Amino acid sequence: MHDAPGRAVSPAGQVQALVIGGGPAGLMAAEVLATQGHRVVVAEAMPTPARKFLMAGKSGLNLTKAEGLADFTAHYGGSAPVLRTPPGYLDKKELGPDEVMAWAEGLGIALFTGSTGRVFPVGMKASPLLRAWLARLSELGVDLRTRWRWEGFQGDGWLFRTPAGPQVLRPGAVVLALGGASWPRLGSDAAWVPWLSARGVGIAPFRPANMGFRVGWSPAMARHFGQAVKGVALSAGSLSSRGEWVVTAQGIEGGGVYEVAAAIRDGAEAVVDLAPDLGAVELARRLALAPAKLSVGNRLRRVLGDPLRAALLLEWGQPLPAEPERLAIRAKALRLRHAGPMPLERAISSAGGIIGEGLAETLELRALPGVFAAGEMLDWEAPTGGYLLTGCLATGRRAGLGAAAYLASAR
């Protein structure tokens, strides 16, 4: 084999552009690099690419959220730059919700926007989009190699375990998109941390993000396991949510919890308003009018209109005050009692990763020139609801543009 048009690798393992990781961030980086005219190899450890993406799309692929860029970016935390690029960066407009929608539609995927602003494919599934995306990458000449697991450095090369035995590549530029530390069975196992740390890359410890919380329920709550908590407001620190969440045997899960999970994880007290559409005075009036012959539980169920909300007040609000005014205040500021977050391997995503001060605005690693990083490897977090996927696509695009510029300057 020799370096020639149509060949991405030379006999000595020379690769023009190498992307390690075949999730959304890595595939977006590969698309950008290939569109800029570079020959790209994507090395994916799993038998097929984008497994976590497909898993996330099983219940409906939430691509992004249709809202203004300023409101959208306010949902991102962490030290790494995500959707925070200075004007004029590489003369390219930052990838935000509008650009994600246009990109998906360019793949032939029809979209719709739900009542909450969340954007989904009309078919709701991830697999049609992934098939169209992989077809585009193939047309661009991207060389996707599955079961290629990165195993660290070997001298000036990048060592892989492959079906054909150990392989060492020597790329002109690298984009790392290996994921964080959640869902390790789908490939995001953070095995890369010691290899990059040894090369001087600063990495913040991984923590669960978009996770549920463990609760030691009383036996009376068992009848409610699997039921959704609706029509309540949940707040913690500066975050708030009106989304639904689910009571499980282990605790609480779901989008409404995930929106405020970062604040709870970091020590903020979580408070549930069981009647967010009623003021405390009106709620107290209704409680006072409930027949006195009813038990406390039945009175709460009648006034709150939901057995599960009444059960939560009975579970977390003891001892319950007898006065309607005080009971109303308790129902509108019910302390959520939990035993800590669910473990990292059960989290939807992870916080932590490569710290922002070790990254250029192009997402190049300052400790490793010519090496860029994207996706959940970086120290950022965002709630579900379209923010996570858009962040992965945006950082993949930025890293791809940075790698393309690096290769162009090297010429």
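How many salt bridges does the count come to? The count comes to 18 salt bridges, where a salt bridge is a side-chain nitrogen of Lys or Arg within 4 Å of a carboxyl oxygen of Asp or Glu. The model is predicted: local features need pLDDT of at least 70, side-chain atom pairs count only at pLDDT 80 or more, and totals for chains, interfaces and linings use all residues. Residues are numbered from 1 along each chain as its sequence is written, and side-chain values use heavy atoms, with hydrogens and water left out.

**Salt bridges**

- Asp 273 and Lys 332 form a salt bridge at 2.9 Å, N to O.
- This pair links distant parts of the chain, with Asp 273 in strand E18 and Lys 332 in helix H12, 59 residues apart; helices (H or I, at least four residues) and strands (E, at least two) are DSSP runs, numbered from the N terminus.
- Both Asp 273 and Lys 332 are buried (buried: under 20% relative accessible area; exposed: over 50%; partly exposed: in between; 1.4 Å probe, protein chains only).
- Glu 282 and Arg 286 meet at 2.8 Å, N to O, and both lie in helix H9, four residues apart.
- Arg 207, Arg 265, Asp 266 and Glu 381 are linked in a network of salt bridges.

**Arg 309**

- Arg 309 is found in helix H11 (residues 307-316) and, at 15% relative accessibility, counts as buried.
- The side chain of Arg 309 reaches the backbone oxygen of Leu 274 at 3.0 Å.

Key. Polar contact = N/O pair within 3.5 Å; in protein donor to acceptor, adjacent residues only side chain to side chain.
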